[in-house]
Amino acid sequence: MKVAIIGTGYVGLTTAVVLAYLNHDVTAVDKDKSKLDLLHEGQSPIHEPGLQSLLEEVQHTMRFTPNVAEAVPDAELILIAVGTPPKKNGEADTRHVEQAAKEVAEVCLPEKHYTLVVKSTVPIGTNQKVAEVVENVFSARGIQGNVSVASNPEFLQEGLALQGAFYPDRIVVGAHSEEAIDTLRRLYQPILEQTFDSPSTLPRPAAYHLPPMMTTDPNSAEMIKYAANTFLALKISFINEIAGLCEEVGADVTEVARGIGLDSRIGNRFLQAGLGWGGSCYPKDTAALLGVAAQSGYEMPITEAARTINFRQRERIIEKLRGVLKTLKGKTIGILGLAFKPNTDDIREAPSLDIIRELVAEGATVRAHDPIAIENARRALNGKALSANSELHFTEDIDKLAYDADALVLVTEWDLYHKLELRRLAKQMKTPILIDGRNVYSPQEAKAAGFHYIGIGRI
Ligand code: UGA
């Protein structure tokens, strides 16, 4: 199928590469010249495990262009995967989605049928708006257009995007048009029936079942995306709230999570207590959902509370440090991990940023390590948030991070931190204090290695 994809961010690029792998004829459009230059050279502009090698494999079958007119007229299906950044009040800004729809409608051929799919995460009612934008352009052009608009929300997780694209739990389609539903079913047929040969690096999981394609109306599809992200966010916030109480009463939240997770109605995933959620999705989408609710005068206290608890986790780390070090002024703190989660260099809304800003504001010297996110964090933190004479140093050497430090804080649970030689690190520190913000280490082992160990919700 001839497919045009507008936007080559995480969702757009991953989808483009996967669809090309499934033998669709894909043209990806992006206005960002620096991204296109990289893509033309076969370089992925984003860090996503497996994406670079898959891009190299399919690149010769794809086209990248800044120009919708080169991608859209010939296409049968057009996917919009542009950003919906938050406005000042938290609501999602759909300007780029509407602009993309307008540009698409300007180059659609009269009479030819197109399926226009919104993959971006958008407030409820946006599909309707997109349909209106398209109709307005057609009437301004004085043509009879034939475009069916559909919602097809994306559930990819950063760091696991390719697994999510090849082996999804479900595909959700919201559309009123049977033709659009049929086109999307044909697009995803290789995935729905798992008829493709798995890439060598991404074998089909052993217990994987064929995913259902759920069809519904566009508003419900848009709501499914927000409700899914918000539910996962509040599941994490719930276990973090329990973790705080575990600390008060002397229980271990990892045991509690294990015990409740064995109940199949609850499930054991997304119950890892720690520093909570960051990234480009949960913080933005929970705020956007509250924005949608506010417009209807509807209160969502559970979602509000999930956010409060989430951001409180960052403050609790500072409180734990103050608790053991008394004052943070003049202390040296090593930060293990900057990315909002492992296997990505994405630092958007990362807990590390708030923690570092607060430590520096309180007069601490901060040394920060991450296997791949240092450059992004440096850019984010060099702004107005830190004063010119602040003591923030990035290092790629964990020994240097620990040397003579007063405390280490594990912020992101990168694999390499699981394997650290704790005994050696503890010996190099001025005071061997380890705040384990993701409950990665066994308290007994950390203590045996010489650390004063403080986890989240652990005894
Ligand atoms: C999330 C959803 O998982 C995807 O389904 C969705 O498509 C995506 O948002 C999106 O809307 O684009 P993502 O933000 O990449 O994906 O990351 P997650 O793996 O869901 O993790 C989010 C945050 O929760 C991370 O900061 C992680 O450290 C934290 N987390 C996760 C916990 O603190 N505890 C857990 O048990 C699980």
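Me: Which side chains meet in a salt bridge at 2.7 Å, N to O?

Reply: Side chains of opposite charge can pair when their charged atoms come close. Here that happens between K119 and E154. Bear in mind that this is a predicted model.

Me: Where do K119 and E154 lie along the chain?

Reply: K119 is in the loop between β5 (113-118) and α6 (126-141), while E154 is in the loop between β6 (146-151) and α7 (161-166).

Me: Are K119 and E154 buried or exposed?

Reply: Both K119 and E154 are buried.

Me: How many salt bridges turn up in the whole structure?

Reply: The search gives 27. One of them joins K102 and E106, at 3.2 Å from N to O. Both residues sit in helix α5 (residues 95-107), and because they are 4 residues apart there, about one helical turn separates them. K102 is partly exposed at 34% relative accessible area, and E106 is partly exposed too, at 36%.

Me: What about R316, which residue does it bridge to?

Reply: R316 pairs with E247, with the closest N and O atoms 2.9 Å apart. This one links distant parts of the chain: R316 belongs to helix α12 and E247 to helix α9 (residues 218-249), 69 residues apart. E247 comes out as partly exposed, at 28% relative accessibility. There's also a network in which shared partners join K2, D25 and R63.

Me: On to sheets. In what order do the strands of the open sheet run?

Reply: Strands of a sheet pair through backbone hydrogen bonds, either parallel or antiparallel. In this model, 6 strands line up as β11-β10-β9-β12-β13-β14, with parallel pairing. At the edges you'll find β11 (392-394) and β14 (452-454), each pairing on one side only. From one strand to the next, the twist averages 20 degrees.

Me: Which helix packs on the sheet, touching β9, β12, β13 and β14?

Reply: That's α12 (residues 301-325), whose direction makes about 160 degrees with that of β13. As for β13 itself (residues 433-436), its parallel pairing with β14 runs over 3 bridges, and I435 stands opposite I454 in β14.

Me: Which residues touch the most other members of the largest nonpolar core?

Reply: I335 and L359 do, in a core of 62 residues. Helix α13 (residues 351-361) supplies the largest share, 5 residues. Leaving out residues up to four places away in sequence, the contacts of I335 include I355, L359, V366 and V409. A second, separate core has 47 residues, among them A28, V58, F64 and L184.

Technical notes. Residues are numbered from 1 along each chain as its sequence is written. This is a predicted model: local features need pLDDT of at least 70, side-chain atom pairs count only at pLDDT 80 or more; totals for chains, interfaces and linings use all residues. Side-chain values use heavy atoms; hydrogens and water are left out. Two strands pair if DSSP finds at least two bridges between them. Helices (H or I, at least four residues) and strands (E, at least two) are DSSP runs, numbered from the N terminus. Axes are lines fitted to C-alpha atoms, for helices over the stretch in contact, and angles run from 0 to 180 degrees between N-to-C directions. Contact means heavy atoms within 4.5 Å. A nonpolar core is a set of buried Ala, Val, Leu, Ile, Met, Phe, Trp, Tyr and Cys residues joined through side-chain atoms within 4.5 Å. Buried means under 20% relative accessible area, exposed over 50%, partly exposed in between (1.4 Å probe, protein chains only). A salt bridge is a side-chain nitrogen of Lys or Arg within 4 Å of a carboxyl oxygen of Asp or Glu.
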